[in-house]
Amino acid sequence: MSAIAVLLVVVVVGYVASPLIRRDAKEEPPPKSIEPEGLEVDGVVYESEAEWALERLLGRAGAGVPAARASRSELEAEIEAWVAAVSDERRRARVSRRVTCQVCGKPFRPGDNYCARCGHPHPGICAHCGARYRPGDRFCTQCGAAIAGGQRP
Amino acid sequence: MTAEAGRAALLLALALAVYAATAAVLGVRLRRPGLLQSARRASRATFALVSLAVAALLGLLLRRDYQVLYVYEHVSSSLSNLYAASALWAGAEGSLLAWLWLLSLCALLVSRGRSTRAKEVEAYALAALSLTQGFFALVLCTVSMPFVLLPARAADGSGLHPLLQHPAMICHPPALLAGYAAYAVPFSYAVGALVSGRFDGQWLKSVRRWSLAAWAALGLGILMGARWAYVELGWGGFWAWDPVENAALVPWLVGTALLHAMAAWERRGVFRLSALALAVGTFVLCIVATSMARGDLVGGSLHTFAPSRAGLLFYGYAATLVVACGWLLLWQRRRLRSEVLQEAVSREGAILVGNLLLVGLALAILVGTLFPVLTQALWRVRIALGDAFFGRVTWPLALAGLLLMGVAPVLGWRRTDAESLRLALVPLGAAVATWLILLALRACDARTALAFAVITFAGAGNLQELLRAVCAWQRLRTLAPWAVEAGHLHTNRRRYGMLLVHVGAAIVAASIAGQGLGGTERETTLQRGQSASIGRYEVRFEALSSEMLPAKERHAATLGVYSGDRRVATLRPEYNYYHSVRGYVAEVAVRSTVREDLYVAVTSIAEDTSTATFRLRVNPLMVWLWIGGAMIVPGTVLILWPGGLAAAWAAAGHLGRRA
């Protein structure tokens with residue numbers, strides 16, 4: 001019995017302590033979020049364009065600006081135009097958020113600090129200490145080094 | 001050896017939980033990913049060890065190892081294996097172990113499913129969860145150890161109490177415990193957000209899902225407990241305002257307020273402080289409920305465990321949480337200030353009033369339950385409040401809540417125009433019609449008629465909204481088919497689920513109010529061949545059979561039920577003598593129809609078995625309580641089904657085609 005208990009303790013301690021021993025321990029990659037991004041219209045967050053359009057049809061959602069109540073056909077045309085516009089905007093936003101490597105042009109994946117193809121650092125990390133910038137930072141919050149330009153991570 | 005393995009696993013789990021909490025906090029403070037990863041691994045290992053302890057206790061119960069005190073006290077050789085396994089949560093120690101196992105499962109799922117942007121919050125949440133696990137493991141290792149050995153092996157055990165040998169009792173405690181344990185996740189995230197100061201809501205969606213799952217599990221647990229009380233206790237009702245029942249209802253009510261506050265936070269960014277306070281409050285009340293079930297503080301309950309020091313430890317833990325989290329909320333109150341409501345007549349305005357009503361209702365029930373303790377402390381005399389107090393307090397608050405539930409679906413976020421408000425005229429018309437019809441028919445008193453009018457308003461308001469959403473969806477399909485394809489599963493399921501649950505709540509309320517529609521009760525002694533009438537039924541005592549079984553003497557009466565000249569049912573209530581408890585336990589017989597239940601219980605049998613005394617009851621609309629309550633299941637499944645993936649895939653496919 002005591003031998004089994006000792007073995008159990010050794011296995012558990014080994015499993016738990018191994019990330020501490022490994023010098024190259026890195027954060028485990030987080031699972032991809034399956035939640036779609038929300039859509040904010042007129043101060044209210046909707047889960048999707050479809051939900052906003054449905055709420056608009058039900059007479060509850062705003063159109064972005066307080067407007068006089070539209071007729072049924074106007075409302076339907078407005079929804080169609082809105083849904084198309086919002087989806088284009090979201091697509092453009094998604095594309096523009098993708099940061100590419102300044103040397104080889106390969107897009108960085110979320111969480112990458114270095115280019116997977118050429119090893120060049122991500123433009124959103126500090127060249128001195130490797131900390132990530134936040135949008136709008138002018139100095140590194142970890143080491144205080146100045147950040148050239150207004151790069152976005 | 002199995003018991004020793006279980007004890008060792010619990011001790012190791014205690015050490016690991018404390019380590020996980022420390023490593024998570026240090027990992028995030030010192031920015032050491034290795035420490036954070038080690039904390040997550042410790043959390044997973046804790047789950048494995050607690051599972052080992054649960055498996056050990058289960059093995060001991062199934063093997064009937066009577067050298068273990070817990071096994072000796074809760075199973076016997078004549079007990080079936082199913083009930084022997086359910087004895088895992090029939091005792092104070094076992095149920096605490098099941099609590100810890102479910103808590104560890106939640107911690108495991110939380111440590112696996114991380115979002116990308118709120119690492120700090122998640123690390124502190126893991127620490128809070130691990131500390132909670134540590135507290136439970138500490139209680140189990142000290143005052144509530146399930147693996148205590150007897151000096152010698154007993155020949156047979158005491159057995160499970162006959163009242164607990166019912167299918168509802170196999171599912172009721174695990175459902176309650178699952179609800180309590182799942183509420184630890186919103187609590188932990190609230191602590192994580194308060195400590196780290198991150199209130200951006202990145203973690204809100206997943207926590208909302210946890211809150212909903214916990215709410216549904218707790219609701220189902222309460223419903224199954226009510227069903228057990230109805231068919232097993234033999235007094236004819238389903239809710240006795242018993243301290244342990246109330247203790248489970250109070251966190252459920254506050255958890256309902258939490259769900260609504262989270263929805264308002266997600267949509268409008270308002271009620272952040274109250275959502276965090278409600279998340280903490282719900283979990284604290286779950287801890288209080290656990291302590292009420294195992295302490296003798298309130299007393300007088302049908303189903304408390306034997307008093308133990310564990311109950312006081314839980315009260316101490318709850319008090320510590322209140323002080324610590326109260327301080328955190330005060331510390332962060334300036335950062336949590338949200339936008340002032342622009343219009344009172346809006347969805348968030350309705351949520352604010354509804355939440356005040358829900359919390360008020362919960363507080364009233366809590367104060368009523370703890371009243372004997374309060375009066376004992378203040379005036380050295382125990383004064384208990386009865387059904388009349390609870391009925392008088394809950395009735396107006398519940399009706400006000402139902403009124404809001406009927407009108408809220410037509411209100412929009414931020415503002416509501418007059419045309420939307422006019423939609424409430426349809427349910428209002430239905431409510432007035434119901435009121436007038438009930439009064440004209442003299443079917444009930446004015447109070448019950450008013451309750452039915454309000455319930456009709458609530459049900460009709462939600463049904464109308466359901467129909468409007470379906471019609472609007474059909475229109476939208478012709479306007480923007482791709483948007484419908486992308487958003488259908490994700491968007492409308494949540495809406496339909498919410499409306500379904502609301503309709504279910506209205507049905508439950510109708511069933512409860514239905515007790516005022518001519519329900520009757522009588523207790524009568526009958527000889528064989530004699531009849532008694534109740535409501536529209538004639539009940540004839542036809543036969544009584546007796547037999548000796550290993551665990552009990554079984555006495556089953558046969559009753560013919562007639563409506564007019566027609567025989568509509570044969571009921572067989574039982575009155576059994578159990579050797580283990582040296583007493584009689586009644587088995588109720590019920591004839592359920594959509595209109596009413598005929599409820600028959602034997603209360604005594606003459607020694608020569610020629611006469612028997614029966615409790616006969618007619619409970620109007622009773623079956624709707626179970627139907628309405630069970631609507632929690634489809635409603636919650638509809639909301640929680642992982643459709644986000646399908647929606648994201650469909651949206652990506654569409655965007656790809658358009659690009």
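Start by selecting B:A310, which sits in helix α12 (residues 309–331) of chain B. Helices here are DSSP runs of H or I with at least four residues, strands are runs of E with at least two, and both are numbered from the N terminus. The model you are looking at is predicted: local features need pLDDT of at least 70, side-chain atom pairs count only at pLDDT 80 or more, and totals for chains, interfaces and linings use all residues. Residues are numbered from 1 along each chain as its sequence is written, while chains are lettered from A and ligands numbered from 1 in the order in which they are written.

Is B:A310 buried or exposed? B:A310 is buried, because 21 other C-beta atoms lie within 10 Å. The cut-offs are 20 or more other C-beta atoms within 10 Å of its own for buried, 12 or fewer for exposed, and partly exposed in between, with C-beta atoms placed from the backbone.

**Two helix pairs**

Next, select α5 (residues 92–112) and α6 (residues 119–142) of chain B, which pack at an angle of about 160 degrees with their axes 10 Å apart. Axes are lines fitted to C-alpha atoms, for helices over the stretch in contact, and angles run from 0 to 180 degrees between N-to-C directions. The two helices α5(B) and α6(B) are therefore roughly antiparallel, a label for angles over 145 degrees. Show side chains to see who meets whom: residues of α5(B) including B:L96, B:W99 and B:L103 meet residues of α6(B) including B:L126, B:L129 and B:F136. Contact here has C-beta atoms, placed from the backbone, within 7 Å.

Then move to α9 (residues 204–232) and α20 (residues 632–640) of chain B, whose axes come within 10 Å and cross at roughly 165 degrees. That makes α9(B) roughly antiparallel to α20(B). Among the residues that meet are B:L212 and B:A216 in α9(B), with B:I632 and B:I639 in α20(B).

**One face of a helix**

Select α19 (residues 623–630) of chain B and colour its buried residues, B:L625, B:G628 and B:G629. Seen down the axis of α19(B), these buried residues fall within an arc of 100 degrees, so they line one face of the helix. The arc is that of the directions from the helix axis to the C-beta atoms.

**A sheet and a hairpin**

Now pick the open sheet of four strands in chain B, with order β1-β10-β9-β8 and antiparallel pairing. At its edges stand β1 (520–527) and β8 (589–592) of chain B, each with a single partner strand, so one side of each has no neighbour in the sheet. Strands count as paired if DSSP finds at least two bridges between them. Eight bridges join β1(B) to β10 (residues 611–620) of chain B, and B:T524 stands opposite B:F614 in β10(B).

Finish in chain B with β6 (residues 574–578) and β7 (residues 583–587), antiparallel over five bridges. B:Y575 faces B:A586 in β7(B). Four residues lie between the strands of this hairpin, where B:R582 takes a positive phi near 50 degrees.

**Over to chain A**

Buried residues make up 17% of the 153 residues in chain A.

Methods
Angles under 35 degrees count as roughly parallel, over 145 as roughly antiparallel, 65 to 115 as roughly perpendicular and the rest as oblique. Two residues are in contact if their C-beta atoms, placed from the backbone, lie within 7 Å.
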